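Thank you all for coming; I would like to walk you through one structure this morning. Please have the sequence and the model in view while I talk.

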Amino acid sequence: MFFSTARMTQIILKQSNLLKVALYEPDIPQNTAAIIRLCACFGVRLDIIEPCGFLLDDKRFDKVAMDYKNKCILKSFRNFSDFKKNRKRIILMTTKAKKKYFNFKFKQNDTILFGRESAGVPKFVHNSVDYKLVIPIQKNTRSLNIVTSVAIALSEALRQNSNVK
């Protein structure tokens, strides 16, 4: 389903006051496709900060994302500077944070940012976000898969803001 430019502008303006998920330079197309599906199912906009480790317009990526790519409001940004413009609060999910996600009060217009699967985010991104949160895991483990992390953090943010329909 395709929308006119005017209709997409209305949709994006309506979405600007809602929670958003953002991916910083994602590496793995299968993970990004699963996050597109997650965002489509929950009605949450997905922002992708490029460059990616794959082409967003590649037919193979479309095949992995299936029809959810058309059901997700997806916006890409050339770089972090473009992404950061006009943001209310950016919440970085990182293994390097001390504050636990379930002790944080998410707001409706927050953007929850996730780093690259291979490297997280660079120091300048860490230094320019509003909050850093962690999903606590066992000490003898490194990290969760990014799709699992997005599902956990987004579910809590939606629960707190009663956005689940």
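Predicted model: local features only at pLDDT ≥ 70, side-chain atom pairs only at ≥ 80, totals over all residues.

The lining of the second largest pocket has, by class, eleven nonpolar, ten polar and four charged residues, where Ala, Val, Leu, Ile, Met, Phe, Trp, Tyr, Cys and Pro count as nonpolar, Asp, Glu, Lys and Arg as charged, and the others, Gly among them, as polar. Residues are numbered from 1 along each chain as its sequence is written, and side-chain values use heavy atoms, with hydrogens and water left out.

A pocket here, on a 1 Å grid over the protein atoms alone, is an open set of points where a 1.4 Å probe fits, with protein on both sides within 12 Å along at least five of seven lines, and lining residues have an atom within 4 Å of a point. The second largest pocket holds about 610 Å³ of space, and of the 25 residues that line it, the closest to its centre are M93, T95, R116, G120 and S143. Strand β4 (89–93) and helix α7 (146–161) each supply at least two residues of that lining; strands are DSSP runs of E of at least two residues, and helices runs of H or I of at least four.

Let me turn to the sheet. Six strands form an open sheet in the order β3-β2-β1-β5-β4-β6, with parallel pairing, and two strands count as paired if DSSP finds at least two bridges between them. At the edges stand β3 (74–77) and β6 (131–133), each with a single partner strand, so one side of each is left without a neighbour in the sheet.

Five bridges join β1 to the parallel strand β2 (residues 45–49), where L46 is the bridge partner of V21, and A22 stands opposite D47. Four bridges join β1 to β5 (residues 110–114), also parallel, and there the bridge partner of A22 is L113.

Terms used:
Points joined across faces, edges and corners; volume = space filled by probe spheres on them.
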